[in-house]
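Here is a short tour of one model, for you to follow with the coordinates open. Please have your viewer ready.

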Amino acid sequence: MKKYQWKKRSAGMLAALLAVSALTGCGPKEAGTAGENGTAQTGETGSSDGGAAGGELNLYTWDGMFPQEILTGFEEETGIRINYSNFSYDEDMLAKLEETKGGDYDLVFADDYIIELVIQEGLAQKLDTSRMENYDKLNPVFMSQFYDPQNEYTIPHGAGIPLLVYDPALTDVEITGYEDLWDPALEDNIALTANYRVINGIALKTMGESYNTEDLDVIRAAGDRMMKLAPNIRVINDSNTQDFVISGEAAVGFLYTSQVSLAMSSRPDLKIVYPEEGLGFGIIAGFIPSEAPNADAAYAFLDYINRPENAAACFEFLGYYCSNKAAEEYISEEMKELLVLPEDASEGEIIQNISQEAEDLHAAIWDEFRNACD
């Protein structure tokens with residue numbers, strides 16, 4: 001779903017950006033979603049004249065991250081005017097924070113991988129969680145992650161989890177995990193997304209290994225497993241992969257979060273599988289920059305969007321997994337299957353940066369695998 005444009009960094013960092021962003025399914029939304037009625041101002045600078053008695057909140061994230069009724073409701077309740085600035089790519093956000101030395105913006109929402117760099121560079125401030133009445137409503141499954149292991153700097157705001165989706169009418173194989181994709185009965189019948197760290201990771205997971213292993217022998221063994229999967233692959237396509245499952249061209253799809261939602265909306269008869277070998281997470285989180293002009297407004301907004309009923313509205317709007325446990329009861333029944341993580345599927349792992357040597361090996365394996373699938 002996301003198109004990328006970034007400043008040049010190491011190849012390892014580049015791959016991690018691709019992988020993590022693929023998991024979250026985050027990125028640019030349709031232009032004009034926020035601020036259509038003039039309540040929240042969108043634009044690259046986010047500047048605004050004046051402001052209400054409650055001050056201003058300089059909010060910096062992707063376009064269309066929040067439903068308009070949430071933005072409007074916050075302004076009306078608090079008297080705080082929202083200056084909504086948007087970036088298209090995580091790298092642009094980091095560059096802006098570096099330029100302003102953690103100033104200008106009061107609250108930022110971005111991807112997990114980039115937040116790790118923000119924290120390392122001292123551009124985020126530690127949170128005073130006592131200032132948020134709804135902090136205890138957050139789901140711990142999406143906390144204590146690699147980028148903020150002690151939950152000192154961030155508040156999770158949604159997660160992307162690629163999943164298996166299949167049509168039981170088109171195969172006799174009961175799919176419970178990644179291992180089932182190797183079943184010979186699925187020859188020429190699987191549609192895959194095209195992110196190589198994610199797809200190579202499927203093979204690693206069937207071996208009981210981490211997505212982020214740097215053991216080259218283990219990665220090579222996963223590559224050998226990938227080659228055995230090639231006969232079962234009908235298509236590798238990163239955009240609209242769900243269409244191959246919806247149309248019946250493929251019986252099984254491994255889809256990004258947004259694609260799962262679209263597939264199930266079109267075909268409720270399809271089955272979602274939370275692979276028993278474990279899930280891959282990508283998490284969006286909010287943080288307050290180190291020199292935020294109005295941290296008080298940031299705390300107020302974080303608390304407002306984490307009221308359970310408000311959080312439910314946000315996640316139904318975004319289509320990401322709900323990271324507010326108390327909000328789950330407010331999510332509509334038809335959306336719960338797509339947005340609420342089942343209790344037995346709570347274990348997951350985030351794709352992270354690995355050594356350049358390991359990264360290069362993954363890339364070579366992916367090229368070989370794709371050639372074998374042609």
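Leaving aside its neighbours within four places in sequence, which residues is N200 in contact with? They are M226, H362, I365 and W366, where contact means heavy atoms within 4.5 Å. N200 lies in helix α5 (residues 196-206), and because its relative accessibility is 2%, N200 counts as buried. Buried means under 20% relative accessible area, exposed over 50%, and partly exposed in between (1.4 Å probe, protein chains only).

A word on the ground rules: this is a predicted model, in which local features need pLDDT of at least 70 and side-chain atom pairs count only at pLDDT 80 or more, while totals for chains, interfaces and linings use all residues. Residues are numbered from 1 along each chain as its sequence is written, and side-chain values use heavy atoms, with hydrogens and water left out. Helices (H or I, at least four residues) and strands (E, at least two) are DSSP runs, numbered from the N terminus.

Now to the cores. A nonpolar core is a set of buried Ala, Val, Leu, Ile, Met, Phe, Trp, Tyr and Cys residues joined through side-chain atoms within 4.5 Å. The largest one has 81 residues, and L57, L59, F66, M93, L107, F109 and F301 have the most contacts inside it. Helix α9 (residues 295-305) gives this core its largest share, eight residues. Beyond its neighbours within four places in sequence, F66 is in contact with residues including L59, Y84, F109, H157 and F301. Another core, of 32 residues, lies apart from the largest one and has L186, I202, A203 and W366 among its members.

| Element | Residues | Buried |
|---|---|---|
| Helix α4 | residues 112-120 | eight of nine residues |
| Strand β5 | residues 154-160 | seven of seven residues |

The buried residues of α4 include D112 and E116. After α4 comes G122, with a positive phi near 70°. β5 pairs with strand β11 (residues 279-287) in the antiparallel sense over five bridges, with T154 opposite F287. Two strands pair if DSSP finds at least two bridges between them.

Finally, take a look at the open sheet of five strands, which has mixed pairing and the order β8-β7-β9-β6-β10. β8 (233-236) and β10 (271-273) stand at the edges with a single partner strand each, so one side of each is left without a neighbour in the sheet. Strands β7 (residues 190-192) and β8 run parallel, joined by three bridges, and A191 has V235 in β8 as its bridge partner.
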